[in-house]
Structure formats: structure tokens, C-alpha cells
Amino acid sequence: MKKFLSLFLALVMMTALVPMAMAEESITIIWHTTKEAYDNSMAANPDTTFDAVWSVVPAFEAQYGVKVNVKAVAWGDMLSTAVSMVNNGESVDLVQANDQSFPVYPARNMLLPVADYVDVNDPAFTPSATNAFTFGGTPYAVGAVATPVVIYYNVDLFENNGIDLPRDLYEAGEWDWEAFREAAMALTYDSDNNGENDVFGFGFWDTDYTHFLASNGTANLIYNEDGTISTGYLTEAGIETMTFLQNAYTVDKYMYASASGDDFVAGFNNGKLGMTMEYGFAYMNKALNGDFDFEVDWVPMPKGPKMDVNTGMCALTGWGIGITSANPTAAANFIKMSCEMEAAFANQNNTALYGADAVAEMNELAARSVFVPIGIDKYWDNNYTVFTGLRSNEPVVNFLTNAEEQVKSGFESTMTN
């Protein structure tokens with residue numbers, strides 16, 4: 001990391017343009033990491049540490065002559081801190097856009113339209129982030145790196161049971177829900193002959209339904225052009241998705257439904273779970289560390305009946321410019337530099353670990369993946385309604401109707417509170 005930053009800073013100093021005129025000589029960023037924590041991480045892991053603020057500050061200050069003031073708070077306090085500062089008229093130049101802060105920021109008119117200050121079509125920004133943080137038809141944040149959710153699978157379990165590998169099916173254009181279902185059912189069995197299945201085809205957290213919604217072309221939260229929110233629950237694609245998942249739990253029973261929390265991780269690690277989901281290269285990294293005694297591989301989410309391509313959800317963050325920003329031009333310049341450095345660092349490290357072809361495939365998948373921010377009141381009430389409904393025999397339309405009402409009332413509360 002130190003070598004990376006030194007090279008980047010040297011390049012900046014050699015090629016720096018005349019700094020653009022700045023309204024103020026500083027910018028203020030609300031961030032979740034202290035300088036001390038960053039320095040400690042750098043000291044312990046210099047080659048794998050990158051921070052979207054602290055790693056960028058030296059190069060930014062050198063090029064633009066603008067001081068960066070960082071207000072470091074706990075991750076969960078960034079939103080409330082920004083709300084308080086904006087309400088008090090304090091300058092907030094940059095805030096992190098994430099699943100908790102959207103749609104709160106744009107719904108409460110706390111951000112400037114980011115397209116007024118940056119070119120949202122710049123290759124430095126991933127379309128996934130721009131789409132995710134567009135509210136009422138207006139982009140309010142941009143970001144550089146998206147990490148898609150993919151299916152990881154135990155290659156040994158597949159081969160030992162004579163099941164076609166997901167990678168082979170994907171490359172043949174046949175990796176869809178039915179292929180996923182057939183594999184998951186074949187991987188669910190009683191390995192110790194005690195009368196109960198102890199190996200299961202698939203398992204993940206209690207939000208797995210959101211990923212399958214995305215793989216079938218819809219979402220649990222949809223931002224409309226008129227600034228309202230709706231859901232894809234009661235659409236044809238939504239009902240189709242939830243029926244598929246409810247059958248997986250109650251009829252086909254290949255879901256590792258009795259597990260919770262990290263049990264899914266332990267089940268996969270112990271060879272008792274054929275497939276699971278994880279973000280990006282996480283399990284490939286574990287494989288490199290020798291955490292498995294079997295071979296693992298990954299593929300994109302299986303495509304649903306409404307989709308022609310394999311896609312799913314992703315994790316990402318972005319940057320928004322506060323409505324009280326004293327220096328939005330400088331803030332925009334920081335966004336651009338941070339995004340360029342973050343993408344370069346991620347690609348460099350991932351290529352060294354996993355190879356250029358795998359990185360290119362993951363990046364291509366990330367660009368078409370979707371992201372659904374969840375920062376509305378009653379979101380987790382809605383999640384519980386869906387989560388429990390899928391594991392019951394309750395009619396799908398019934399619990400989806402209840403969940404949709406929770407989303408709508410939660411959004412109304414978010415807009416007014």
C-alpha cells in the first residue's frame with residue numbers, strides 16, 4: 001500500500017494541473033475511521049490497507065492545496081451526525097452514501113445533485129453506484145467499486161455426487177433457477193443415516209430473498225422517478241420469486257433453514273453445505289488462506305425466468321456532496337481522486353491474487369448488478385415479515401401484501417421524521 005500511494009502521489013505531483021479556484025481552503029468529510037485506526041492498520045497490513053479518505057488525503061492536499069478536515073464518528077453515527085450538522089447550517093462537504101443513508105439524504109433534501117459537479121458517466125464511477133443513489137430521477141452520489149454477491153460452491157461435493165458444476169452450466173448459458181434447484185436438491189441428503197438430512201444444497205442469511213428478486217429483474221425497494229418508493233413484491237416477478245423460495249424451504253427442503261447467523265459459514269466450511277452466497281472474492285481468499293479442505297469455485301447468481309442474463313445484488317458505497325457544502329467543487333475533485341485510487345488499488349490487489357480474467361469477470365458482473373439501499377423506517381419489520389412468510393405455508397400474496405404496506409408506511413415516516 002505504501003508503494004502504491006507513493007507512486008500515485010509522485011504521479012500527481014508530476015502531472016498536476018493548476019488547481020481550480022476554490023471557494024474555501026478546506027473541505028469537511030464525515031467519516032467512520034480515525035486517523036489513528038488507519039495508521040494502525042497501515043502499520044499492521046501495509047500492502048492490503050486502503051481507506052477511501054485517509055489514503056487519499058496526502059495526494060489531494062498536494063494537488064489542490066485544500067485542507068481536508070475529517071470528522072470521525074462511529075459508522076452507525078455518520079447519518080445522525082450529518083443530519084445534525086446540516087440542520088445547524090454547518091458545512092458538510094462530503095458524506096458516504098450507503099444502504100443506511102439512502103434514501104434518507106435525498107428524501108430530506110440534504111444533498112446537492114451530484115451531476116452538477118461531476119460527470120456521472122466518467123469511467124471512474126461504476127454505473128451500479130450511480131443507479132443505486134439516483135432518487136426521483138436525480139443522481140445524488142457516485143462510487144467506484146461494486147462487489148457483487150455470487151454463488152460459491154463446494155466443487156468436491158458436486159463431483160462426488162456426479163452433479164454438473166455450476167461453472168460449466170454458466171459457461172454453457174444454462175445456469176438458471178431450475179439448474180440451481182436441481183443441484184441443491186441433489187446435494188441435500190442424510191450422510192450419517194440417522195434419518196435426518198445433515199447435508200443441504202443451499203443456505204444463506206435471512207435476506208437471501210433480496211438476491212433472488214434481483215436475479216429475476218425486480219427488487220424489494222424501487223425508487224420511482226416521481227420521488228416515491230414502491231416494491232416489486234406483488235409484481236409477477238416478485239410473486240414468482242417468493243413462490244420459488246417458499247417451495248425451497250417448505251416443499252423441496254434443500255435450504256439450510258434450521259441454521260442462523262454464522263451457522264451458514266460454518267456449514268459451508270465443514271463441507272455440509274453445497275452452495276452459499278458471499279460478496280466478491282471473499283471465499284476465494286479463504287481458499288488461498290487454506291481455510292477449506294476441499295476445492296471451491298464461484299459463479300454469478302442463477303438467472304430467473306424473467307432475465308436473459310445472470311445478475312444479482314451487490315455491495316457498494318458512494319460519495320454525496322452536502323447541501324451545506326462550502327466548497328462543492330473541491331468536494332467533487334476529492335470524489336474523483338478517491339474513486340480512481342480505490343478502483344486502481346482494488347484491481348491491482350485482486351489481479352495479483354485471483355488473476356486478470358477473474359477480476360475482469362467480477363468487474364463486468366458488478367457493473368450490471370443492482371443495489372438496494374434500505375435506509376427507511378420499518379425496513380427490518382418488512383424483512384421479518386418476508387423472512388418468516390417464506391418459511392411458512394402462509395399464502396405468498398398475503399405476507400407480501402403486509403410487507404409492502406410496511407415499506408410504504410416506513411417511507412412516509414422517513415420523509416416526515
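## Helix packing around α11

Helices α10 and α11 are oblique to each other. The structure is a predicted model. Helix α10 spans residues 208-215, and its axis runs 9 Å from that of α11 at an angle of about 135°. The crossing of α10 and α11 is right-handed. On the α10 side, Asp208, Tyr209, Phe212 and Leu213 make the contact. They meet Gly238, Thr241, Met242, Phe244, Leu245 and Tyr249 of α11. By class, the contact of α10 with α11 holds seven nonpolar residues, two polar and one charged.

Helix α11 (residues 236-250) also packs with α17 (residues 396-416). Their axes come within 10 Å and cross at roughly 120°. This makes α11 oblique to α17. The crossing of α11 past α17 is right-handed. From α11, the contact uses Gly238, Ile239, Met242, Thr243 and Gln246. From α17 come Val396, Val397, Phe399 and Leu400. Here the count is six nonpolar and three polar residues, with no charged ones. Gly238 and Met242 are listed in the contact with α10 and in the contact with α17.

| Helix pair | Axis separation | Crossing angle |
|---|---|---|
| α10 and α11 | 9 Å | about 135° |
| α11 and α17 | within 10 Å | roughly 120° |

### Helix α4

Helix α4 covers residues 78-87. Its buried residues are Met78, Thr81, Ala82, Val83, Met85 and Val86. Just after α4 comes Gly89, with a positive phi of about 80°.

### Backbone features in the loops

The loop between β3 and α5 contains Pro103. A cis peptide bond links Phe102 to Pro103, with omega about 10°.

Asn109 sits in the loop between α5 and α6. Its phi is near 55°, positive in a residue other than glycine. Is Asn109 buried or exposed? Asn109 counts as exposed because its relative accessibility, 54%, is over the 50% cut-off.

Lys253 lies in the loop between α11 and α12 (263-269). Lys253 is not a glycine, yet its phi is positive, at about 55°.

### Tyr117

Tyr117 belongs to the loop between α5 (104-107) and α6 (127-132). Its relative accessible area is 33%, so Tyr117 is partly exposed. Which residues does Tyr117 contact, leaving aside its neighbours within four places in sequence? They are Leu112, Ile321, Pro328, Thr329 and Ala332. Asp297 is 180 residues from Tyr117 along the chain, and 41 Å separates their C-alpha atoms.

### Confidence

The chain averages a pLDDT of 91, and 93% of the residues score at least 70. Residues 7-24 have a pLDDT below 50. Beyond near neighbours in sequence, this stretch has 25 contacts in the model. Where pLDDT is low, predicted coordinates should not be read in detail.

Terms used:
Residues are numbered from 1 along each chain as its sequence is written. This is a predicted model: local features need pLDDT of at least 70, side-chain atom pairs count only at pLDDT 80 or more; totals for chains, interfaces and linings use all residues. Side-chain values use heavy atoms; hydrogens and water are left out. Helices (H or I, at least four residues) and strands (E, at least two) are DSSP runs, numbered from the N terminus. Buried means under 20% relative accessible area, exposed over 50%, partly exposed in between (1.4 Å probe, protein chains only). Contact means heavy atoms within 4.5 Å. pLDDT is the predictor's confidence in each residue, from 0 to 100. Axes are lines fitted to C-alpha atoms, for helices over the stretch in contact, and angles run from 0 to 180 degrees between N-to-C directions. Angles under 35 degrees count as roughly parallel, over 145 as roughly antiparallel, 65 to 115 as roughly perpendicular and the rest as oblique. A crossing is left-handed if the near helix is turned anticlockwise from the far one by less than a right angle, and right-handed if clockwise. Ala, Val, Leu, Ile, Met, Phe, Trp, Tyr, Cys and Pro count as nonpolar, Asp, Glu, Lys and Arg as charged, and the others, Gly among them, as polar.
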